[in-house]
Amino acid sequence: MVLHTSPYPSAFLSFLSRLSWAFVFPCYWLLDRLLASCVATSLEKRIRSQDPCSFLALGVLISTPLYLVLLLASLPFAFIGFLLWAPLQTIRNPYIYSHQKADKHGAEQGSSAGTRAALAEWRPQGRSFCFGSANVCLLPDSLARFNNLADTQRRAREVGKRIRNGASRPQIKIYIDSPTNTSISAASFCSVATQGFRRTSSLDHRPEPVVTTETETEALTECPVHPSGGTGSDCPVHSTGAQNSSECPLHPNGEEHAPDCAVHQFADPHSSVDCPVHSNIIQNSEDCPLHPAGVQISITSPDSEPTEADKGNHQTWDGDMGSLESRTASRESLVRFHAADGGISPNNTLSQHRTSVFKRPIGRKRRHGDDGFDHEISAFFPANLDFLCLQEVFERRAADRLRRQLHRYFPFVLSDVGRYGWKGCCSQFKFLNSGLLLASRYPILDAHYECFPNGRSEDALAAKGVLFAKVQVGSSAQDQRVVGYITCTHLHAIEGDSSVRCEQLDMLLEWGAEFKRATSGPMDGEKVLEDQVAFDVVLGDLNFDNCSSEDKLEQQHALFTHYKDPCRLGPGEDKPWALGTYLDTSGLYDEEVSSPESLQKVMENEEGRKEYLVFPASKNHCPSQKGRKIPLKGNGRRIDYILYKEDCLQQDWKVDIEEFSFITQLAGLTDHLSVAARLVVSTGEEET
């Protein structure tokens, strides 16, 4: 297959399309503004109620008549442009593939390094890949306001910035293996800050020791908790004035040279190999009070190997201010711990990057009642995000702004997916495309789009369908390409139309099988070995949940026999930690959920979820959920999915999930929570 890099087969047709749209656009823009002035968001209503004579209220009174007059004047030009534009849609390509090469920006350099790594030889022990999905509601502004969202162009730019900032940061995790010790001292964080840890790939869970230089060894004579010379009440060295005292602050009983003290164990403190204060090698010593037993720290950067681009990969971009500075402006504690007791002081900060704390089962073995993988509610998109599927990227100009932002991290993007006019799905006119967008750090080899022909009501005005993509993620020692299949979709949204969604799921499985058959073999004339398939993943907004009685038909669909849902126990039953992803639009501008960190805290609280998530409809259902006391089933409507096949086409290859996240980083920009999953592909071989 040939990837389409432009919307039309020739430059002349592209020119005609731009010319026709130039005639149509003034009418489209004025109509959008006119309708938008008639539909106010809850934030705008609040401002008007507080100040009826505000500039916002006066602007609406003045602009509405002006928009109406100009709209009537632009109608003749729009009609001429439409007569030229509509026939061109019959020969328009179903998507646009763009590949942006690295330039001076560090993030793009880092992504290029990841691309080169993708084509490297496949490692025997396998590799992990991170997938994300988000419904961003980038409709024309007048339509987005019905979801209580406004200013689509601004939101598109900020969505791209937040995703890029979240994905390009290094990831820091702290695992606690001990079943009883659930506390981490401040010293354990600061010892990491003063010592060097090798950046590891996402498959590594434990940092490898790094031998310091002579200069670094001399610096260790300073306090590891406050290397800059400062003091603090939470410092185990400075808390009792130990720096100038013969009494060890770590031994309140006064044992100056206790044999079990990692600081005083040797006459020459610099010869100790067990204590992070005096050692040349960082270790987790059970004897050292500065390293509690069972704590391991893993730092993961966007690239598996550090390069010169790493320094520039995390610079602050122009305009990345306020909530967009997710790597530097987070009010979230850098260490979050979800245990019944114990915890970490918010003053314990390791760096300006997110740190997650998990209590990991020893050996990460699956046990009864244990998922065997990490799951969290995060204020950030995962570091090292490899693939991103977005839905409802409908508005053209917003899609361009979003694509430019995403290209700073993702080199490969499929956008403007779908059809317009009468061509494609059926005889119904399509005012909007499919709204799908796929961004990838790995080369896209093939892509194909199919439109659902059974859309109904207002949903039929958009060319909703399925986007299939084949990506190359490596190569074997025998020069076989290692590839993965990604399916992005957005199903029918009208409530009660279960039969329509089930038909669309049937078509998704059928079209997917055809796409794999068509792309599995070599191109005509090529003499190459058959591709090895590493993963097969389905992402998107399926518009049904696993707890509503009205969605029983979809819950029992054959899709869930072919693909595994990591949040699901069975039809009609989710795992206890699974969250709904559909937010109550009436509360989008409440101060409690106005930032990624505040929304995260609300989602971690059961009462907060009842307040701001949409739950399955019931007999007692009311338009607003605030203050509702009736019992609610589950943790909200989870309509955004990431599904994967556990068994690959290759013998002995296996796909397993390593981490699943519900993401709040797009708070205030959309009415959905985002989801992400990290999958581990193991080959069953041992590295020699």
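V675 is buried, with a relative accessible area of 0% (buried means under 20%, exposed over 50%, partly exposed in between, using a 1.4 Å probe and protein chains only). This is a predicted model, in which local features need pLDDT of at least 70, side-chain atom pairs count only at pLDDT 80 or more, and totals for chains, interfaces and linings use all residues. Residues are numbered from 1 along each chain as its sequence is written, and side-chain values use heavy atoms, with hydrogens and water left out.

**V675 and its surroundings**

- V675 belongs to strand β19, residues 674-682 (strands are DSSP runs of E of at least two residues, helices runs of H or I of at least four, both numbered from the N terminus).
- Leaving aside residues up to four places away in sequence, V675 touches F131, G132, S133, T581, D640, I642, F660, S661, F662 and I663 (contact means heavy atoms within 4.5 Å).
- T581 and V675 are 94 residues apart in sequence, and their C-alpha atoms are 8.1 Å apart.

**The sheet**

- Five strands form an open sheet with mixed pairing, in the order β11-β12-β13-β14-β17 (two strands pair if DSSP finds at least two bridges between them).
- β11 (444-451) and β17 (640-644) are the edge strands, each pairing on one side only.
- Strand β14 (residues 532-541) runs antiparallel to β17, and five bridges join them.
- Within this part of the structure, V537 stands opposite Y644 in β17.

**The packed helix**

- Helix α11 (residues 498-520) packs on the sheet and touches β11, β12 (465-475), β13 (481-490) and β14.
- The direction of α11 makes about 35 degrees with that of β12 (axes are lines fitted to C-alpha atoms, for helices over the stretch in contact, and angles run from 0 to 180 degrees between N-to-C directions).
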